[in-house]
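Hi,

Here is the structure I promised to pass on. Please open it first; my notes follow below.

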Amino acid sequence: MIPTKPTHPYLAGHSISCGEGWFHIISVLCEQLENQEKNHGAPTPIVRQVKEKYGTLRFYADNCSEVQDALIDMAEELSGVTCEVCGKPGRRRAQYETETRCDEHVTPPRDIDLLYEQSRS
């Protein structure tokens, strides 16, 4: 199943700069933020940016309650153990840039890195 890019109204007008593996996390987060707004009197979040940075999701939003901020923090933490490519369990890895990947989608070493490692042996 190909993940669908999140289309929640909170995200209107914003690009989502991360891999498809995190789309479900973003969708569920938006649903939970809306639940807090509609059922618990929390304010309407104002989403500023959604992207990957240092191998985890960054969901920048203003006008959030403490509970909504905690939900955002939890989604960002969850992204650190979820493959950004496919959504399966993954881990943070530092190759050229920090990324969160499963074993199947880890970025392979480049030839230049292999030459460097060989020269150190």
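Thr 82 sits in the loop between α2 and β4 (91–94). Helices (H or I, at least four residues) and strands (E, at least two) are DSSP runs, numbered from the N terminus. Thr 82 counts as buried because its relative accessibility is 9%. Buried means under 20% relative accessible area, exposed over 50%, and partly exposed in between (1.4 Å probe, protein chains only). Leaving aside neighbours within four places in sequence, Thr 82 is in contact with Gly 21, Trp 22, Ile 25, Gly 87, Lys 88, Gly 90 and Thr 100. Contact means heavy atoms within 4.5 Å.

A word on the source. This is a predicted model, where local features need pLDDT of at least 70 and side-chain atom pairs count only at pLDDT 80 or more, while totals for chains, interfaces and linings use all residues. Residues are numbered from 1 along each chain as its sequence is written, and side-chain values use heavy atoms, with hydrogens and water left out.

Now helix α1. The buried residues there are Phe 23, Ile 25, Ile 26, Leu 29, Cys 30, Leu 33 and Gln 36. Seen down the axis of α1, they fall within an arc of 165 degrees, so they line one face of the helix. That arc is taken from the directions from the helix axis to the C-beta atoms. On the other side of α1, His 24, Lys 38 and Asn 39 are exposed. The cover over the buried residues of α1 includes β1 (16–17), β2 (46–53), β3 (56–62) and α2 (66–79). Just after α1, Gly 41 has a positive phi of about 75 degrees.

Next, the sheet. It is open, with 3 strands in the order β1-β2-β3 and mixed pairing. β1 and β3 stand at the edges with a single partner strand each, so one side of each has no neighbour in the sheet. β2 and β3 pair in the antiparallel sense over 7 bridges. Two strands pair if DSSP finds at least two bridges between them. Ile 46 stands opposite Asp 62 in β3.

Last, the core. A nonpolar core is a set of buried Ala, Val, Leu, Ile, Met, Phe, Trp, Tyr and Cys residues joined through side-chain atoms within 4.5 Å. The largest one has 20 residues, of which Leu 11, Ile 26, Val 50 and Phe 59 touch the most other members. α1, β2, β3 and α2 each give two or more residues to this core. The largest share, 6 residues, comes from α1.

Best wishes
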